[in-house]
Amino acid sequence: MNRPTDSLDFATLSGIDRRTINGALRGAGNTTMLNLIGAPRGSYDAECRPVENPQIAALLETADFGPFRATGLRPAIRVLTAIMTDIRSEQRAIHDSMSTAGMLCCRLVRGSATAISNHSWGTAIDLKIDGILDPRGDGHTLRALLDIHPIFNRHGFFWGAAFQTEDAMHFEASEQLIRKWADDGEFGALSRAVPTAMTIGDRGVQVEQLQLALNRALAPIAITVDGVFGRDTRAALIEFQRRNGLPLSGTGSARVLALLKQA
């Protein structure tokens, strides 16, 4: 195999606006996943646990992608097959060097005590290049991942390099793709309407912006801006709602967000 000599080089992300690197695509929040697909199991921790929900288990499928095999949610497997076909056509050397660190794995997001990882539904995959797993949170990425992320994007997959804690090895079905699958009936009777308010377990750029706005409005009270909606974010929201005479829901509703912008 002729591999580009720089495919294992690390490219810095410091000159890239990571918040916009996925275009309009957003990471799928826990609210969306739980409402549209359901709960994979009853409890989560840092360990990789099996799916307990038989209705979700029935939606799982294992596929051979050429350089590796993986198990995930059926529509995610289907789209990932198309992604790998394009990578093979456009980036053959990278395709042949790829392997995976896992797709289906019921656990919490690394470093969070509240957010459920989208691996729990089998809609996310972590990739290796020539057996190397890109380090999380160092602000760099294997050049090969930078080269193939546009292919993932055009198929509706979100690149984890955009997370507040950079996770360049991670790709997941976007919020938009999950909602499209639900509209197409991929999840059957499991699907429910999704509330628009941000809440516990959600993460991404929108949560980061919410946290920044709360810190401005509540100064000197300050919460960690990590892009993960956890207990501290909920407590800060409740404090903001209390000060402004709003219902103490602890969720980022449109009304709360509008008031935060004014503040």
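Are Phe 158 and Phe 163 buried or exposed? Phe 158 is buried, and Phe 163 is buried as well. Before I go on, a reminder that this is a predicted model.

I'll start with the aromatic rings. There are 5 aromatic pairs in the structure. In one of them, the ring centres of Phe 158 and Phe 163 are 5.4 Å apart and the planes meet at 40 degrees, so this pair is tilted. Phe 163 also has a charge over its ring: the charged end of Arg 203 sits there, 3.9 Å from the ring centre.

Next, the pair of Trp 159 and Phe 171. This one is stacked, with 6.1 Å from centre to centre and 10 degrees between the planes. Trp 159 belongs to strand 8, residues 157-159, and Phe 171 to strand 9, residues 170-173, so the pair ties together parts 12 residues apart in sequence. Trp 159 counts as buried because its relative accessibility is 0%. Phe 171 is also at 0% relative accessibility and therefore counts as buried. Both rings belong to a cluster, in which ring pairs link Trp 159 and Phe 171 with Phe 152 and Phe 157.

Now helix 7. The helix covers residues 205-218, which is 14 residues. From first C-alpha to last it reaches 20 Å, close to the 20 Å expected at 1.5 Å a residue. Which residues of helix 7 are buried? They are Val 207, Glu 208, Leu 210, Gln 211, Ala 213, Leu 214, Asn 215 and Leu 218. What do these buried residues pack against? Their partners are helix 8, residues 231-243, and helix 9, residues 254-262.

How values were computed. Residues numbered from 1 in each chain as written. Predicted model: local features only at pLDDT ≥ 70, side-chain atom pairs only at ≥ 80, totals over all residues. Heavy atoms only, no water. Helix = DSSP H or I, 4+ residues; strand = E, 2+ residues; numbered from the N terminus. Expected span 1.5 Å × (residues − 1). Buried < 20%, exposed > 50% of the residue type's maximum accessible area, 1.4 Å probe, protein only. Contact = heavy atoms within 4.5 Å. Phe/Tyr/Trp six-rings, centres within 6.5 Å; stacked < 30°, edge-to-face > 60°. Lys NZ or Arg CZ within 6 Å of the ring centre and 35° of its normal.
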